[in-house]
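Dear colleague,

Please find below the sequence and structure that I am handing over to you. My notes on what was found follow directly after.

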Amino acid sequence: MEFALDYAWLIVALPLLTSAVIATFAKQLREPRAGYFGAAMMGVTFLLALLVFIGAVRQAGLPVHEAAPAAAEAVAGGEHGESHGAAAQGAAAAGEHGAGAEPAAFGSVPEARPLRHWTLADWAVFAGKPFRMGLMVDNLTAAMLMMVTLVSFCVQLYSVAYMHGDKRFTRFFAAVNLFTAGMLLAVMADNLLLLVVGWELMGLCSYLLIGHWFEQPWPRYGSFKAFITTRTGDTFMLVGIAALYALTGTLNFDELAAVLPQVAREHPAALLLSALLIFGGPIGKSAQFPLHVWLPDAMAGPTPGSALIHAATMVAVGVYLVARAFAIFVHAGPEVMAVIALVGAFTSLFAASIATLRTDIKQVLAYSTISQLGYMFLALGVGSFSAGTFHLMTHAFFKALLFLAAGSVIHAMHHIQEMHQMGGLRKKIPVTFWTWMVGYLALAGFPFTSGFFSKDELLLAAFNWQAPPGWPEWVSKLPFAMGAATAFLTAYYMTRATYLTFFGEPRSEHAEHAHESPRPMTTALVILAVPALLSGYAWAALVYKFTHAPIFEWWPYFTGNPLQHLPHENAELVTAIATTLGLLGIGVALLIYAVLPVGFRVAAIRTLKPVYVLLKRMYYVDEFYHATFVAGTAALGRLVAWFDRTVVDGIVNLVGEGGRAWAEVCGWFDRTFIDGLVNGAGWLALFSGRQLRRLATGQVQSYMMTFAVLVVFGAVAVWLTLSR
Amino acid sequence: MLSLIVFFPLAVAVAMLLVPRTQEKLIKGLALVGTLVPLALTLVLLSRFEVGSGAIQFQEKFVWIPSLGIQYHMGVDGWGITMLALSTLLFPLAVLASFGYIEHRVKDYFVLLLILETGTNGVFTALDFVLFYVFWEIVLLPMYFLIGIWGGPRREYAAIKFFLYTLIGSVIMLVGALALYLQFPAGQRTFDLIELAKLTQGLPVNALTTFAFFALLLGFAVKVPAFPFHTWLPDAHVEAPTPISMLLAGILLKMGTYAMVRISHPMLPQVAREWAWLIAAVGIVGIVYGAFAAMAQKDFKKVVAYSSVAHMGFFLLGLAAGTPEALAGGYFETIAHGLISPLFFFVVGMYYERTHTRELEKLGGMFLTVPAISFVMAFTAFANLGLPGLAGFIAEFFTLVGSYQTWGLWILGAGLGMVIIAAFHLILMRQVLMGEKKYESLPDITPKEITIFAPLAALIVLFGVYPAPVFKVLDPGIKVLSALLLGG
């Protein structure tokens with residue numbers, strides 16, 4: 001399988017090519033061939049990515065019980081000293097670079113080395129110093145590649161049916177493939193700049209997909225909002241990257257890892273600032289508070305697009321960045337990590353609370369996504385690299401599944417998204433129902449689904465977290481407390497959504513006559529249901545079977561980050577708490593929606609009116625932004641334009657008028673005095689009179705001349721004064 | 001070779017004078033030849049250009065007025081050849097864009113256009129100040145007439161404004177240069193830019209050198225245009241015909257930026273260091289101010305014009321920072337902007353020719369009416385707002401990266417500008433491209449228009465993905481200038 005690693009760069013190139021082909025031959029391909037072509041190409045890409053992943057797994061081997069994983073890792077990495085050419089971008093000479101010549105910086109654990117690395121040594125040059133650009137594959141990347149291509153494949157297969165009859169069918173597939181290429185590029189980037197390129201490429205495609213139905217107002221608004229909100233975060237990130245470059249002189253991850261310990265000792269404050277600024281990017285892209293507002297409105301796009309972009313992959317790239325640049329954040333100090341953890345924890349709870357009252361099925365999932373992304377930041381912030389990336393993987397599978405299932409529901413409901421009009425769909429659309437159930441249970445953290453394992457691991461890390469020295473003790477408790485509360489709320493709102501959609505009696509005509517979606521859609525659902533159910537369990541079980549090692553050891557071992565903090569204390573307690581809260585959430589929701597009469601809910605709303613309104617209006621964040629930033633920016637724009645027209649141009653015109661006035665004076669002088677002289681002295685009159693009269697004719701030349709003469713005299717005068 | 005590139009268009013212009021007015025086909029053909037030959041010659045030069053050498057290449061030196069130290073001295077290094085290439089590329093495209101668009105006084109128009117090219121090419125190759133100044137002024141006149149005769153309804157006001165602004169600027173610049181020239185005893189005096197710079201770099205920072213620096217800078221800043229000397233630009237653009245707008249944004253502004261890296265900064269780096277903060281402030285204010293002003297405009301062309309003000313702010317910021325990354329990023333911006341903004345003005349022109357309006361409120365749903373043109377518009381807008389993968393991003397990214405080293409968190413101001421730049425482009429696209437159809441059917445893109453779009457788009461993508469060619473050509477010059485601006 002190792003040979004596949006040599007061709008891993010194709011994983012980026014193929015979707016890019018596919019997108020270009022679909023865009024170029026849109027007229028020839030049309031519907032549905034463009035869709036099948038896209039899906040087929042992505043299927044091939046997925047198979048390649050799967051081989052790469054298997055290759056990586058085989059090289060990594062299995063963790064030996066109680067032994068330091070360092071030894072195995074060193075062996076695995078050592079085989080790849082040889083050069084691999086610059087196939088990556090089809091460009092010329094490139095040298096093998098950075099495959100970890102630096103000695104291990106931390107104890108006995110070596111830096112994680114890429115399995116393959118393609119570098120373009122002279123992508124840019126500054127005062128003789130080259131700026132490198134390259135692609136790489138390491139274990140985390142290999143896993144991400146497989147996940148992204150699988151989700152993208154399912155989404156495209158599904159979309160062939162879902163987008164049937166859409167007038168921009170081909171455009172949709174071109175955008176989805178370009179988007180996937182962007183994500184894969186970001187995942188394979190060996191430096192921050194290239195990661196940002198992939199990152200923004202996704203931003204573009206997200207804009208295109210949200211605005212897919214741009215004739216209608218909501219997509220127009222949603223696409224604009226998404227781009228600007230994420231751009232705001234990106235700008236902070238760019239400044240942060242600039243600061244990082246000023247400190248380290250490099251943006252390559254391997255070089256960064258080598259120099260950061262020293263930089264952290266010498267310029268701790270500057271590094272802290274840089275890391276915080278960089279975190280602005282993930283806050284925007286991964287929709288964390290306070291820049292989360294764009295994601296719910298991103299649901300204006302077609303549902304499969306939402307599944308791919310606003311659930312499984314693009315929004316996760318912020319998390320991926322924090323993971324990939326983990327060294328930056330760790331070296332920047334525990335305060336930065338605490339900020340990440342607290343932002344994540346707060347966002348997860350905040351968004352989960354809003355999700356409890358959404359009635360639009362996609363909105364529930366949108367807020368759920370924000371909440372789950374918060375979980376991932378929580379995990380990374382408390383130092384658990386493996387829990388954050390693990391949840392990133394499992395969440396991608398089950399959230400993509402949930403979105404696609406929701407799309408199938410919407411399809412069956414003739415584009416109605418309100419859950420109050422659904423009900424009883426369980427029997428009408430059984431495949432959708434059962435696959436949804438898999439996603440639902442995984443998200444709710446039901447025992448032995450994928451979500452259960454990843455959530456458990458991150459809560460365990462949160463439980464054992466210590467706030468930075470000097471911070472009050474109760475802060476240490478916050479991430480776990482919020483995370484646990486979120487676990488309860490997640491189970492609650494997902495049970496509510498499931499019950500409202502699939503159980504009870506049909507509450508509308510459409511629900512009454514719903515039909516199962518066409519074959520491509522259900523096939524995609526079934527394929528995704530497998531990893532959603534098993535991805536957590538399978539990996540853990542695999543390890544357990546062969547090694548009898550502790551059950552969670554494989555993923556941390558596989559992604560092996562030397563900087564992470566992996567506590568194992570109180571594992572049973574945390575599992576018990578999390579499981580109990582999850583089951584409790586399911587129980588409470590069932591009690592409220594299935595057992596108790598409607599009267600109870602009405603009474604509850606009346607009693608808790610202020611809370612209800614606050615949640616219903618999503619804490620008024622949108623209203624606040626509109627009143628401040630949006631209105632303020634527009635007003636400032638008008639002010640500047642007015643200032644430009646009136647003040648700046650006013651001065652210019654005033655000077656112009658002054659010139660004209662001076663010309664008038666000259667003309668008057670000309671008429672009264674010169675002309676008087678003219679009468680006396682003929683030749684002088686003929687000469688200067690004619691010359692000067694021109695000044696008053698209101699023509700360009702006259703003003704010009706006046707100015708030129710004035711300015712030359714003035715400037716010469718100034719210069720003469722100064723040179724003395 | 002350089003002289004041929006510079007004077008070939010002029011020679012064709014002279015030849016064209018002999019062609020009768022009615023022979024429009026012949027005139028157009030001549031114009032195309034007159035601009036394509038310099039392009040071909042420049043490509044030959046590019047292939048023979050020694051990358052990595054900081055020396056002046058393809059020099060031509062003749063005695064002109066030895067008593068005053070004036071020479072006919074031509075030559076290019078990285079700074080010059082990139083601009084020369086940009087200029088020779090844009091002129092044929094502008095000629096092409098004029099076909100079918102300029103229909104009255106065709107002969108006069110193309111004669112002036114060819115003279116204009118001689119002026120711009122000369123500015124980027126002249127290495128003697130007097131020669132440089134002559135070319136600098138040659139540019140002024142044809143531009144004045146091109147706006148004043150073939151422009152829109154307020155063309156005379158715009159033309160006068162353009163003329164006065166830049167004339168005052170250039171006169172002040174002349175005084176500054178003379179002041180430096182006269183600093184040295186009669187035997188040493190020279191107008192040779194390279195020689196003069198070697199002398200002036202040793203001058204102390206005093207009132208006179210400061211005056212000379214600002215006199216030079218002012219002349220250049222008007223051309224760039226830097227805030228607050230920018231108000232001629234929106235007026236000139238709005239009134240100018242499309243091809244002239246393309247040239248104005250693509251090349252004429254770059255004369256100012258080129259002159260800064262060629263004259264004011266290498267000659268008086270000691271003064272530039274003292275006042276770098278001011279130039280940085282002007283740059284950042286320009287970015288933010290231009291962006292906000294663009295957002296409030298109702299005329300399509302004015303939006304694009306103000307976005308030029310904002311983008312040129314990046315150049316100034318990079319120049320003021322003086323680090324290799326910032327200088328490279330800033331100068332890259334002038335190249336990127338030189339490719340993107342002509343395309344943007346061309347897009348405005350494409351819509352205008354079809355709808356006869358530039359008012360944003362009257363445009364809408366263009367994606368449905370003219371999809372291909374609208375694709376071009378979207379591409380250009382994203383390039384202009386700095387989308388990664390396209391040339392503008394590389395420029396802005398490295399300007400920021402390099403400027404942080406000098407200005408620290410002040411560059412958050414530039415960051416704010418970037419957000420606003422993105423915002424007004426999105427507003428623009430929402431207004432023009434999205435929504436329901438406002439025009440039932442309009443003719444979509446023509447082969448001629450594709451011919452203009454394709455080379456610019458290809459270069460925008462190429463430099464966005466692989467900027468190495470540009471950076472490598474520029475690097476020796478950047479190394480020297482950066483050392484001057486940072487050292488001491």
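Helices (H or I, at least four residues) and strands (E, at least two) are DSSP runs, numbered from the N terminus. With that convention, Arg105(B) is located in the loop between α3 (78-98) and α4 (106-125) of chain B.

This is a predicted model, in which local features need pLDDT of at least 70, side-chain atom pairs count only at pLDDT 80 or more, and totals for chains, interfaces and linings use all residues. Residues are numbered from 1 along each chain as its sequence is written, while chains are lettered from A and ligands numbered from 1 in the order in which they are written.

Chain A as a whole

The secondary structure of chain A consists of 30 helices and two strands. Of its 724 residues, 56% are buried; a residue is buried if 20 or more other C-beta atoms, placed from the backbone, lie within 10 Å of its own, exposed if 12 or fewer, and partly exposed in between. Among contacts in chain A between residues at least 6 apart in sequence, 78% join residues at least 24 apart. Here two residues are in contact if their C-beta atoms, placed from the backbone, lie within 7 Å.

The interface with chain B

On chain A, 54 residues are in contact with 56 residues of chain B. The elements that give two or more residues to this side of chain A are β1 (116-126), α7 (192-210), α8, α28 (621-680) and α30 (700-723). The largest share, 14 residues, comes from α8(A). By class, the side of chain A that touches chain B has 38 nonpolar, eight polar and eight charged residues. In this classification Ala, Val, Leu, Ile, Met, Phe, Trp, Tyr, Cys and Pro count as nonpolar, Asp, Glu, Lys and Arg as charged, and the others, Gly among them, as polar.

Helix packing in chain A

Helix α8 (residues 217-248) of chain A also packs against helix α10 (residues 268-285) of chain A, at an angle of about 155° and with the axes 7 Å apart. Axes are lines fitted to C-alpha atoms, for helices over the stretch in contact, and angles run from 0 to 180 degrees between N-to-C directions. The angle therefore makes α8(A) roughly antiparallel to α10(A); angles under 35 degrees count as roughly parallel, over 145 as roughly antiparallel, 65 to 115 as roughly perpendicular and the rest as oblique. The crossing of α8(A) and α10(A) is left-handed, meaning that the near helix is turned anticlockwise from the far one by less than a right angle, whereas clockwise would be right-handed. Their contact has 13 nonpolar, nine polar and two charged residues.

A second pair is helix α17 (residues 385-412) of chain A with helix α19 (residues 430-443) of chain A, at about 145° and with axes 9 Å apart. This crossing too is left-handed. The residues in contact include Phe398(A) and Leu402(A) of α17(A) and Trp436(A) and Tyr440(A) of α19(A). By class, the contact of α17(A) with α19(A) has ten nonpolar, five polar and no charged residues.

Within helix α6 (residues 169-188) of chain A lies Val176(A). Val176(A) counts as buried because 31 other C-beta atoms lie within 10 Å. Its contacts, not counting residues up to four places away in sequence, include Gly38(A), Ser152(A) and Leu308(A). Val176(A) and Ser152(A) are 24 residues apart in sequence and 7.9 Å apart in space, C-alpha to C-alpha.

In chain A, β1(A) and β2(A) pair in the antiparallel sense over eight bridges; strands pair if DSSP finds at least two bridges between them. Pro130(A) in β2(A) is the bridge partner of Val125(A). Seven of the nine residues of β2(A) (residues 129-137) are buried. The hairpin has two residues between the strands, and Ala127(A) there takes a positive phi near 50°, although Ala127(A) is not a glycine. Ala127(A) is partly exposed, with 17 other C-beta atoms within 10 Å.

In chain B, six bridges join strand β1 (residues 57-65) to β2(B), and the strands run antiparallel. Glu60(B) stands opposite Met74(B) in β2(B). Strand β2(B) (residues 70-76) has five of its seven residues buried. This hairpin has four residues between the strands, with Gly69(B) at a positive phi near 75°.

Backbone details

Arg105(B) has a positive phi of about 50° and is not a glycine; with 13 C-beta neighbours inside 10 Å, Arg105(B) is partly exposed. A cis peptide bond joins Phe289(A) and Pro290(A), with omega about 5°. Another cis peptide bond joins Val224(B) and Pro225(B), with omega about -15°.

With kind regards
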